[in-house]
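Have the viewer open as you read.

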Amino acid sequence: MDDCIFCRIVSGEAPSWKVYETETTYAFLDIHPASRYHALVIPKQHYTSMFDIPETVLQDVITTVKRVCKLYEEKLGIRDIQVISNSGAQAQQEVFHLHFHIVPRTYGDGQQLRWHTHPEWTRDFDAMLSKLHKD
Ligand code: AMP
Ligand code: ZN
């Protein structure tokens with residue numbers, strides 16, 4: 001995937017700031033950080049999103065997410081972290097190589113991740129689930 005910036009990072013053609021690495025995954029600092037130590041965790045092989053990544057590779061990625069969180073806790077005393085992954089353009093995915101954001105949070109950091117919620121939609125739950133579960 002020559003035109004994929006994250007593949008170019010894995011191959012060393014593009015620069016990056018390594019946080020952690022395994023045989024199959026790579027963690028590096030996001031160049032538009034929302035907070036100090038905002039990192040991205042990716043599989044070294046190219047997969048676009050949740051929809052095409054094999055479960056075994058995703059397991060490796062999640063294991064690395066966990067290890068980076070523990071590294072941050074042990075070395076930096078970080079205890080508040082948001083883990084976010086976007087799949088699809090309408091879900092705010094901009095780089096189409098699967099990644100998890102690891103965003104450490106601190107009191108008063110000025111960031112805010114809030115959804116506009118629809119509690120009234122609970123009345124549709126039964127109809128929604130019947131669609132999901134029908135053969
Ligand atoms: P998303 O909206 O989930 O696809 O986020 C993509 C993330 O990749 C953004 O937070 C970007 O700042 C980050 N990003 C894009 N290019 C690079 C790069 N060359 N090195 C590090 N992070 C990058
Ligand atoms: Zn890629």
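Which element gives the most to the shell around ligand 1? That's α1, with three residues. Helices here are DSSP runs of H or I with at least four residues, strands are runs of E with at least two, and both are numbered from the N terminus.

Before going further, a word on ground rules. This is a predicted model, where local features need pLDDT of at least 70 and side-chain atom pairs count only at pLDDT 80 or more, while totals for chains, interfaces and linings use all residues. Residues are numbered from 1 along each chain as its sequence is written, chains are lettered from A and ligands numbered from 1 in the order in which they are written, and side-chain values use heavy atoms, leaving out hydrogens and water.

Back to the ligand. There are 16 residues around ligand 1, and Asp 30, Gln 92, Glu 94, His 99 and His 101 come nearest; to be near, a residue needs a heavy atom within 4 Å of the molecule. The shell splits into eight nonpolar, six polar and two charged residues.

Now for the close pairs of atoms. A polar side-chain atom of His 99 sits 2.7 Å from an oxygen atom of ligand 1. On its own, ligand 1 exposes 510 Å², and the protein buries 85% of that (Shrake-Rupley areas, 1.4 Å probe).

What about the space itself? Ligand 1 takes up the largest pocket, meaning that more than half of its atoms lie within 2 Å of the pocket's grid points. A pocket is an open set of points on a 1 Å grid over the protein atoms alone, where a 1.4 Å probe fits, with protein on both sides within 12 Å along at least five of seven lines; lining residues have an atom within 4 Å of a point. This pocket is lined by 33 residues, including His 38 and Asn 86.

Finally, the overall build: three helices and five strands, running α-β-β-β-α-β-β-α from the N terminus.

Methods: A polar contact is a pair of N or O atoms within 3.5 Å; within protein, one must be able to donate a hydrogen and the other to accept it, and residues adjacent in sequence count only if both atoms are side-chain atoms. Ala, Val, Leu, Ile, Met, Phe, Trp, Tyr, Cys and Pro count as nonpolar, Asp, Glu, Lys and Arg as charged, and the others, Gly among them, as polar.
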